[in-house]
Amino acid sequence: MSTSVESPLLNPVPTRDGQVEGYVHSFETFGAVDGPGIRFVVFMQGCHMRCKFCHNPDTWKTRVGSKMTADEVLKKALSYQSFWGEQGGITISGGEVLLQVDFALELFTKCKKLGISTCLDTCGQPFTRREPWFSKFNQLLDVTDILLVDIKHINSDEHRRLTGFPNENILDLCQYLSDIGKPVWIRQVLVPGITDNDEYLKQTSDFIKTLKNVQKVEVLPYHTMGVRKYKEMGIKYRLDGVEPPSAQRIENAQKLLHIADYTGYLTWKPGLVIK
Ligand code: SF4
């Protein structure tokens with residue numbers, strides 16, 4: 001029988017037999033780019049942002065998808081555990097996982113009891129220091145080894161044009177994670193004519209340099225693989241005519257973001273917190 005508990009973002013949180021249920025979009029059983037090592041990736045359903053380059057518009061809607069408990073997800077994940085090795089584990093991605101903090105907290109708490117490495121992949125949009133969300137987020141951080149944080153655009157006006165939201169709270173999330181010494185990988189999607197801009201890339205680099213917890217910086221080249229989904233869903237694709245960046249521009253962005261300076265991930269171990 002279903003009951004409800006309070007949540008500032010997804011209210012009420014669905015529960016079944018005393019466990020929180022998450023709205024799950026899909027799984028990747030052998031994720032090689034979603035955190036350290038090989039990982040089982042849980043893609044959560046729901047995102048408030050509307051990034052022009054998003055290749056998963058089918059994850060946007062909240063309160064749809066498969067309702068699953070942490071035990072159900074964990075059972076599925078554990079059948080792939082033999083692939084994880086020393087560095088791998090479970091990543092929760094999206095959509096936007098921080099819209100479903102209660103579910104992520106329940107899943108990662110169970111993971112930590114089993115010694116499984118936990119990674120949270122977020123765009124940061126729901127981040128706020130307001131209560132009661134902030135305390136719950138801190139509980140989630142206690143059972144999270146590492147975060148992948150996307151900076152969609154360093155300039156807040158441009159960020160709003162690109163995603164529909166400003167970036168101040170996302171940069172504040174990065175600052176907070178730095179202050180508490182929680183390891184992060186920062187990722188920048190390189191979109192020609194939008195983020196592929198030397199001045200903005202330098203500003204992004206300057207911001208990243210102020211943080212003390214960054215283990216890796218990645219450039220994710222824009223691609224058009226999601227266009228088909230927009231057509232199928234009858235949504236207008238807003239980057240029509242934009243081509244993926246050239247190898248030269250990708251290399252330029254990698255240099256401007258000084259990705260070679262961030263090599264801490266090579267020595268990353270599950271549970272290690274960089275001081
Ligand atoms: S934050 Fe991620 S899921 Fe949400 S719109 Fe942007 S790219 Fe898509």
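I take a nonpolar core to be a set of buried Ala, Val, Leu, Ile, Met, Phe, Trp, Tyr and Cys residues joined through C-beta atoms within 7 Å. For burial I use C-beta atoms placed from the backbone: a residue with 20 or more others within 10 Å of its own is buried, one with 12 or fewer is exposed, and anything in between is partly exposed.

The model is predicted; local features need pLDDT of at least 70, side-chain atom pairs count only at pLDDT 80 or more, and totals for chains, interfaces and linings use all residues. Residue numbers run from 1 along each chain as its sequence is written.

**Core.** I looked up the largest nonpolar core and found 65 residues in it. Val-42, Ala-104, Leu-107, Val-149, Val-184 and Ile-186 have the most contacts inside this core. Its largest share, seven residues, comes from α2. I take helices (H or I, at least four residues) and strands (E, at least two) as DSSP runs, numbered from the N terminus.

**Helix α2.** I checked the length of α2, residues 101-113. The expected span is 1.5 Å times one less than the number of residues. For 13 residues that should give 18 Å, and the end C-alpha atoms are 18 Å apart, so the two agree. I then listed the buried residues of α2: Val-101, Asp-102, Phe-103, Ala-104, Leu-105, Glu-106, Leu-107, Phe-108 and Cys-111. They pack against β2, β3, α1 (70-78), β6 (89-93), β7 (117-122) and α3 (133-142). After α2 comes Gly-115, with a positive phi near 75°.

For contacts I require C-beta atoms, placed from the backbone, to lie within 7 Å. Not counting residues up to four places away in sequence, Leu-107 touches Ala-70, Val-73, Leu-74 and Ile-92. Is Glu-106 buried or exposed? Glu-106 counts as buried because 24 other C-beta atoms lie within 10 Å. With neighbours within four places left aside, Glu-106 is in contact with Gln-19, Val-20 and Ala-70.

I looked at β2 (residues 13-16) and β3 (residues 19-31), which pair in the antiparallel sense over two bridges. Pairing here requires at least two bridges found by DSSP. Arg-16 has Gln-19 of β3 as its bridge partner. Two residues lie between the strands of this hairpin, and Asp-17 takes a positive phi near 50°.

**Ligand shell.** Which residues are around the ligand? I noted Cys-47, Met-49, Arg-50, Cys-51, Cys-54, Asn-56, Thr-59, Gly-94, Gly-95, Glu-96, Cys-123 and Thr-163. The cut-off is a C-beta atom, placed from the backbone, within 6 Å of the molecule. The shell divides into five nonpolar, five polar and two charged residues. In this count Ala, Val, Leu, Ile, Met, Phe, Trp, Tyr, Cys and Pro are nonpolar, Asp, Glu, Lys and Arg are charged, and the others, Gly among them, are polar.

**Backbone exceptions.** Most residues other than glycine have a negative phi, and most peptide bonds are trans. I found a cis bond joining Gly-94 and Gly-95, with omega about 15°; Gly-95 is in the loop between β6 and α2. Another cis bond runs from Glu-131 to Pro-132, with omega near 5°, and Pro-132 lies in the loop between β7 and α3. Arg-63 has a positive phi near 60° and is found in the loop between β4 (39-44) and β5 (66-69). Arg-63 counts as exposed because it has 10 C-beta neighbours inside 10 Å. Phi of His-258 is positive, near 55°, and His-258 is in the segment after α8 (247-256).

Note on methods: Contact = placed C-beta atoms within 7 Å.
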